[in-house]
Amino acid sequence: FGGAMIWAPITGYLRTAPLTFQSTSSLILPGSGASASMNLNGIGQASSYANSAFSSNSVSPTETYKRLIGADRILEAAARSMDLSRAEFGKPRIKVDQTSLIHLEMTGGSAEDAQARGDALLAAFFAELDALRLDEQTTREDSGLAAIGDYRASVATTRADIARLQRETGLISADQYDAIVEATRVLESRVQDLAATLQEKTQSVATLEATLGSPAQSAAATLKLYADAQFIALTEEVGLHAASLAEARSRFGEGHPRVQEARAAHATAKSAALQQAGAVTGMSEPALQALDLAPAGARAELLAELVRMDAQRAGVAEQHATLSARLTDELERLHALAAPAARLQDLQRDFSVAEAVFASAIARTQSTKSDVYASYPLVQVLENPSLPDRPSSPNRKLAIAAGAAATLMLLMGLSLGWIRSSVIGR
């Protein structure tokens, strides 16, 4: 009876219990990180780096993925892929150790069913992992786009300020202001040189005027007169009448008719000469009386040199006046552009910084797209779900061993009871 009590349940279990097959698989997390770097011509360098999955002591990626694999949404997704309910699909057994391995066990009614459930679980896990990584990238990209929009607005604002300042002042860059400063310095030096030259020529003209006793304007008028043939002829006639007057005076008295006639002829010739001189030079008679009307030999050359030197002095004076006025305008312009030039330099520096930050933000946003394993490390299938060759449940060997052990213990109990009865009977 005791053996029946032991073997009846065991036999019933072995005959009625459904067969269960167990499929195993393994995942591995590579331990090394990944880095990428790219150089952007004219912009700079952008780098991305994904740390090793095991570089942090506070977070274990194997434990994180263990919880993720056993999450309800992954089990429901795997069950839907097999047209099963969540309860029918079951729950996997997940084991992790101190290594980077994750071991999975999935049961099914047949070997193929167990393997299919393991494949469905892995597919749902990797799909969810991709969705999480995509969501992370989208969130980062959205926040990055907001920052890029701010940088773009900053660049546009600074560019508009620069354009407005350039339009108002006509100043294109700080280099242009530096060029204006240098040109003004050269102009100032030239004006100073012209002032020295003008002073030198003015002194030379004054010295020659004092030597000749005649101003430059009178020397020019004298030379002009003696270039006129009619005036020279009249001058010669005046000389002839003057000789006749002197001869008459030497022979007769002042009241003699011949002296009076000679005087009248001389006065008429002199008047005609002065009238011609006035017509040639445009000077009045008193001014003509002060002219040197006898420029002969070296004196004529000195008068010509005086006129030439005065012309050079006038030319230098005009050039000095023109450049001095230009220098005054340039100095006023420099004074007016000093503050805008400093402002423009600040704006251009701000624009360069804003443009560099903007370009770096774009490069960083693009480079982070390759860093997909920053928060969710890379995981790979080390062992695909296996196809079991025998059922894992019911375990016939274990059941028979348990029945044999129970039978042995029953026999030992009966033996001890029989021995005890014999001892008591004695």
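This is a predicted model: local features need pLDDT of at least 70, side-chain atom pairs count only at pLDDT 80 or more; totals for chains, interfaces and linings use all residues.
1. **The chain overall.** Start with the inventory. The chain has twelve helices and six strands. Its length is 426 residues, and 30% of them count as buried. The chain exposes about 25,900 Å². Carbon and sulfur atoms supply 56% of that area.

2. **Contacts along the chain.** Consider the contacts with a separation of 6 or more. Residues 24 or more positions apart account for 77% of them.

3. **The sheet.** Which strands form the open sheet, and in what order? There are four, and the order is β4-β5-β1-β6. Their pairing is antiparallel. As background, strands of a sheet pair through backbone hydrogen bonds, and the pairing can be parallel or antiparallel.

4. **The edges.** Two strands stand at the edges: β4 (93-96) and β6 (380-383). Each has a single partner strand, so one side of each is left without a neighbour in the sheet. Neighbouring strands of this sheet are turned against each other by 30° on average, direction ignored.

5. **β4 with β5.** Look at the hairpin next. β4 and β5 form it, with four residues between them. Four bridges join β4 to β5, which covers residues 101-108. The two strands run antiparallel.

6. **β1 with β5.** How many bridges join β1 to β5? The count is eight, and these strands also run antiparallel. Here the pair to find is Ile28 and Leu101: Ile28 stands opposite Leu101, which belongs to β5.

7. **The helix on the sheet.** Helix α2 spans residues 61-69 and packs on the sheet. It touches β1 (21-28), β4 and β5. The direction of α2 makes about 180° with that of β4.

8. **The buried side of α2.** Which residues are buried in α2? They are Pro61, Thr62, Tyr65, Leu68 and Ile69. Why do they lie on the same side of α2? They cover an arc of only 120° around the axis, and that puts them on the same side. An α-helix has 3.6 residues a turn, so residues three or four places apart point the same way.

Technical notes: Residues are numbered from 1 along each chain as its sequence is written. Side-chain values use heavy atoms; hydrogens and water are left out. Two strands pair if DSSP finds at least two bridges between them. Axes are lines fitted to C-alpha atoms, for helices over the stretch in contact, and angles run from 0 to 180 degrees between N-to-C directions. Contact means heavy atoms within 4.5 Å. Buried means under 20% relative accessible area, exposed over 50%, partly exposed in between (1.4 Å probe, protein chains only). Accessible areas come from the Shrake-Rupley method with a 1.4 Å probe; for residues, only the protein chains shown count as cover. The arc is that of the directions from the helix axis to the C-beta atoms.
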